[in-house]
Amino acid sequence: MVEAYENQLTQTQIAELAAHCEQAELEAYEITKITDDFPQMSYKDAFDIQWEMRRRKVSRGHKIVGMKMGLTSWAKMAQMGVEHPCYGFLADYFSVPDGGEIRHDALIHPKIEAELAFVLKKELKGPGVHIGDVLSATDFVMPAVEVIDSRYKDFKFDLKSVIADNSSSSRFITGGRMAEVADVDLKHIGVVMEINGEVVQTGAGAAVLGHPAASVAMLANMLAERGEHLAAGSFIMIGAITAAVQVNKGDTFSVRYQGLGSISGKFV
Amino acid sequence: MDQQLIQQCGDELFDAMQKRITLKPFSERFPEITVEDAYHISLRMIERRVAAGEKIIGKKIGVTSKAVQNMLKVHQPDFGFLTDKMAYSQGQQMPISEQLIQPKAEGEIAFILKKDLLGPGLTNADILAATEAVLPCFEVVDSRIENWQIKIQDTVADNASCGLFVLGDKAVNPRRLDLATCGMVVEKNGAIISTGAGAAALGSPVNCVTWLANTLGQFGIPLKAGEVILSGSLVPLEPVQAGDFMSVTIGGIGCASVRFV
């Protein structure tokens, strides 16, 4: 992000856009990408919209239970024409139990991604956080599947628009077996995604920025741009190891992780 | 195809390999060619290689991914023969510019057998019980067919597009691994270019070896103790040229790397 970290939109516009994006999420309808109407929008504006959306949820009594990274694979950045990953937050109602059901009607055009989650035992405060800091601050890692659901028409967006849309966050499932980072070869851990019993994606940890811990380091450093940090106990999803796969009502999915068990669920 | 034409096609492939030239696809020249004809052609080609002093040391399984099966419009893999002349060791330079025509690299899991296996009727349990070790492997496939314009008959005839291969220097007992979830990371000239996992080949590399043992068993051909079996690529094929350096690392198994000259 080469542009200066400053606003181009007014506080009123930011509040209105946060309400606009959140309403699309809550009522599950598509909107056009907001940079079409606000081409002058800056990265700071985009993140301000996301943080305003977060504030709106908290003010209604929701709890923020974690953070997620998005667009963390080189393939996905190339595909979307962006040069940088992004982050989003996870609200309590995004969480679905392992083996649980996800209401397809409550979402627009959901896709699933195989990820890993880190849970911290120490805080991480950027800038300058590196993989070593992340590994030493990690309590444990565990399998996670994210359901992404861009509120933008046809899942098409640019980086600023997707940031404002909470990086397409919608649901997530954790499960399988937790492990100490010292006991897992995070770079080479394999994942296998099956939908309705058929293998649809395979990948390994290195697909995420070369190493899953690099994604957590980048998150800590990005948060530092706003004076924020990752507190001890934070739950962080690292971004997709596999390509995102579209799911339909009635689909069941299962993701297996090398040495860490599996996660499954169903869209109803 | 009659015996004479099969022999002629096998000889053409052998000459093409030696002179590093490509042929028009057999499937275009002889539209009536069957997969069975193609296997007979491949047997002729390998017969020529053995007559020239090469020794058969194993087999390879190809067309194991959904993407390649869809491209070739088939629903099963194919196989070819490995000879001692194709094998390179970790750290050795692989002379692709002298030996191959249009090489592409793929990361695989190699099986080394400790017992003979004669199908049909073998299960994954039989394969695992007969496996001494698994190793990381780069197979460098090549096609003697113009611009890789292959149909299934063309690649089967051409020894499953086999080129050269390199095994890593670490062998692991498969009893300690879940081969379907083993992750694979492929790097080329320092950049990560692809990742995958064991399930990318027919759901599991073990499924591939079971298929091979049962398929060859129908013709009374066993897999033999000591043979190397390349179980099929877990990642997309990557074109390579002299000067490239590649490495493949498989979670829980190890690494194989190769420098192309």
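Strand S8 of chain B, spanning residues 183–188, runs antiparallel to strand S12 of chain B, residues 245–250, and five bridges join the two. Strands (E, at least two residues) and helices (H or I, at least four residues) are DSSP runs numbered from the N terminus, and two strands pair if DSSP finds at least two bridges between them.

Local features need pLDDT of at least 70 and side-chain atom pairs count only at pLDDT 80 or more, whereas totals for chains, interfaces and linings use all residues of this predicted model. Residues are numbered from 1 along each chain as its sequence is written, while chains are lettered from A and ligands numbered from 1 in the order in which they are written.

## The sheet of chain B

An open sheet with mixed pairing is formed by five strands of chain B in the order S4-S13-S12-S8-S9. Strands S4 (93–94) and S9 (191–197) of chain B each have a single partner strand and stand at the edges, so one side of each is left without a neighbour in the sheet.

## Where chain B touches chain A

Counting residues as in contact if their C-beta atoms, placed from the backbone, lie within 7 Å, 20 residues of chain B are in contact with 18 residues of chain A. On the side of chain B that touches chain A, S8, S9 and S12 of chain B each supply at least two residues, and the largest share, four residues, comes from S9(B).

Key. Contact = placed C-beta atoms within 7 Å.
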